[in-house]
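Thank you all for coming.

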Amino acid sequence: MTVSRVLNGHPNIRPATRQRVLDVIQQLDFKPNSAARALATQRTQRIGVIVDSSVEFGPTSTLRGIELAARSGGYSVASVAVQDDENLTPEGAVSHLIAEGVDALCIVAPRSSSVSALRRISIDVPVLVVKAAKDPNFLTVSVDQQLGTTLAVDHLVSLGHRDILHLAGPLDWLDARGRERAFHTRIEQWGVKARPIVVGDWTADFGYDYAVNLKGIPEYTAMFVANDEMAFGVVHGFHDRGIRVPEDVSVVGFDDLPLSRHFIPPLTTVRQDFHALGIKAMEVLRAALEGREIPQRSKIPSELVIRSSTASPRVR
């Protein structure tokens, strides 16, 4: 019983006793049998993760953060990607993972349509959705989208910009919708000109096509772009049109892709801590599985990284 409690991280073990057990485990090179543990506890120590589009940087980074946090806590991860061009539905993904014997489910980068589909399914394991808004049906954690957007807008306003365009992601994506709403809230608070947003598809190609099809130099002096890939496309398209960044238009992205610091000009962007998000998700799921008090829903802080794609607007 004492050995079992040590292996399962039970808190009510004296430190000296815990250390003696760990020493013997090391001496014997003991490896717990996961199949036997599953039979004894009716748990597989496996978390199922459904990713809405695994090709985007944010979802893949969030999945990686969850995998690292799960492994350090003695769990494994089984993941399924739900893509627009495939036949696997959210309902099918849940059925697949439940058949794998997962102890809990985590939904990453969800679209509102996917969350609506999940509400129609009866699921007998804890379910956590990575999204900003509270939900009566699910556990939730998120990166603070409102904070990141607010920091981006405040930075542009501090430079003197009063005409800012938002290039949004697909508004069925909850993160894109959160950034769009936060953008409008903040520019209204600043009294900045409210332009109709442009809705993109997350890709650099969309950003490029948007920029090269503009007629003349834009009237707005800055852009807040919902992700770095679209921002890359915008900067490339502006360059091909002879529109300079940041001299003619300042550009801010979101995500802080590894290439963002090496782009020309290096991109000002909002950094999300996906590793911390993974740790928080696992903390909440483990508490639910172990019958402990669920940690209060918290938002992982985001951070503005200022580089060379933003500057004060030129007098026109």
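The secondary structure of this chain comes to 11 helices and 13 strands, counted as DSSP runs numbered from the N terminus, with at least four residues of H or I for a helix and at least two of E for a strand. What you see is a predicted model, in which local features need pLDDT of at least 70 and side-chain atom pairs count only at 80 or more, while totals for chains, interfaces and linings use all residues. Residues are numbered from 1 along each chain as its sequence is written, and side-chain values use heavy atoms, with hydrogens and water left out.

Along its principal axes, the C-alpha trace spans about 75 × 45 × 35 Å. Of the 316 residues, 47% are buried, meaning under 20% relative accessible area with a 1.4 Å probe, protein chains only. Taking contacts (heavy atoms within 4.5 Å) between residues at least 6 apart in sequence, 72% join residues at least 24 apart.

Turning to the second largest pocket, we find about 350 Å³ of space. A pocket here is an open set of points on a 1 Å grid over the protein atoms alone, where a 1.4 Å probe fits, with protein on both sides within 12 Å along at least five of seven lines, and lining residues have an atom within 4 Å of a point. There are 16 lining residues, and those closest to the centre are Ala132, Ala133, Leu174, Gly178 and Arg181. The elements giving two or more residues to this lining are helix H7 (145-159) and helix H8 (174-190), and H8 gives the most, with six.

Note on methods
Buried means under 20% relative accessible area, exposed over 50%, partly exposed in between (1.4 Å probe, protein chains only). Grid points are joined across faces, edges and corners, and a volume is the space filled by probe spheres set on the points.
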